[in-house]
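Below is a briefing on one predicted protein model. Please keep the sequence and the coordinates open while reading.

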Amino acid sequence: MKTAPAQRSDAALEASLPLPAKDPVLAAAIHQSRTALVTGDRTHFVALYGRTIHGVTTHSPRSLAETLLV
């Protein structure tokens with residue numbers, strides 16, 4: 001796991017993602033070339049769990065544990 005400093009907003013990338021514009025988390029993960037994003041935010045991300053967008057696979061905490069332990 002790695003953390004990263006705050007990123008500048010990328011409005012074009014954020015607008016292309018299937019998330020509300022106010023949620024730049026996935027755009028930041030893409031910008032930082034991460035391979036996975038773990039979030040418990042079911043309101044915005046439940047439809048994205050298990051999907052890979054621009055190289056970033058979105059996981060719930062449970063799905064990440066299942067992926068790592070299989």
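A search of the whole structure finds one salt bridge (a side-chain nitrogen of Lys or Arg within 4 Å of a carboxyl oxygen of Asp or Glu). Its partners are the side chains of arginine 62 and glutamate 66, at 2.9 Å from N to O. The model is predicted: local features need pLDDT of at least 70, side-chain atom pairs count only at pLDDT 80 or more, and totals for chains, interfaces and linings use all residues. Residues are numbered from 1 along each chain as its sequence is written, and side-chain values use heavy atoms, with hydrogens and water left out.

**Salt bridge**

- Side chains of opposite charge can pair when their charged atoms come close.
- Arginine 62 and glutamate 66 both belong to helix H4 (residues 61–69), and because they are four residues apart there, about one helical turn separates them.
- Helices (H or I, at least four residues) and strands (E, at least two) are DSSP runs, numbered from the N terminus.
- Arginine 62 is exposed, with a relative accessible area of 63%, while glutamate 66 is partly exposed at 40%.
- Those classes are set as follows: buried means under 20% relative accessible area, exposed over 50%, and partly exposed in between (1.4 Å probe, protein chains only).

**Sheet**

- Three strands make up an open sheet with mixed pairing, in the order S1-S3-S2.
- S1 and S2 are the edge strands, each pairing on one side only.
- Two strands pair if DSSP finds at least two bridges between them.
- S1 (residues 36–38) runs parallel to S3, and three bridges join the two strands; alanine 36 has threonine 57 as its bridge partner in S3.
- S2 (residues 52–53) runs antiparallel to S3, and two bridges join them.

**Histidine 59**

- Histidine 59 is part of strand S3 (residues 56–59) and counts as buried because its relative accessibility is 9%.
- Its side chain makes a polar contact with the side chain of serine 63, at 3.2 Å.
- A polar contact is a pair of N or O atoms within 3.5 Å; within protein, one must be able to donate a hydrogen and the other to accept it, and residues adjacent in sequence count only if both atoms are side-chain atoms.
- Leaving out residues up to four places away in sequence, histidine 59 touches Ala36, Leu37, Val38, Thr39, Tyr49, Leu64 and Thr67, where contact means heavy atoms within 4.5 Å.

**Helix packing and whole chain**

- H4 lies across S1 and S3, at about 115° to S3; axes are lines fitted to C-alpha atoms, for helices over the stretch in contact, and angles run from 0 to 180 degrees between N-to-C directions.
- The protein chain has four helices and three strands, and from the N terminus on its elements run α-α-β-α-β-β-α.
- The protein chain has 70 residues, of which 30% count as buried.
- Among contacts between residues at least 6 apart in sequence, 30% join residues at least 24 apart.
- The protein chain exposes about 4900 Å², with carbon and sulfur atoms supplying 57% of it; accessible areas come from the Shrake-Rupley method with a 1.4 Å probe, and for residues only the protein chains shown count as cover.
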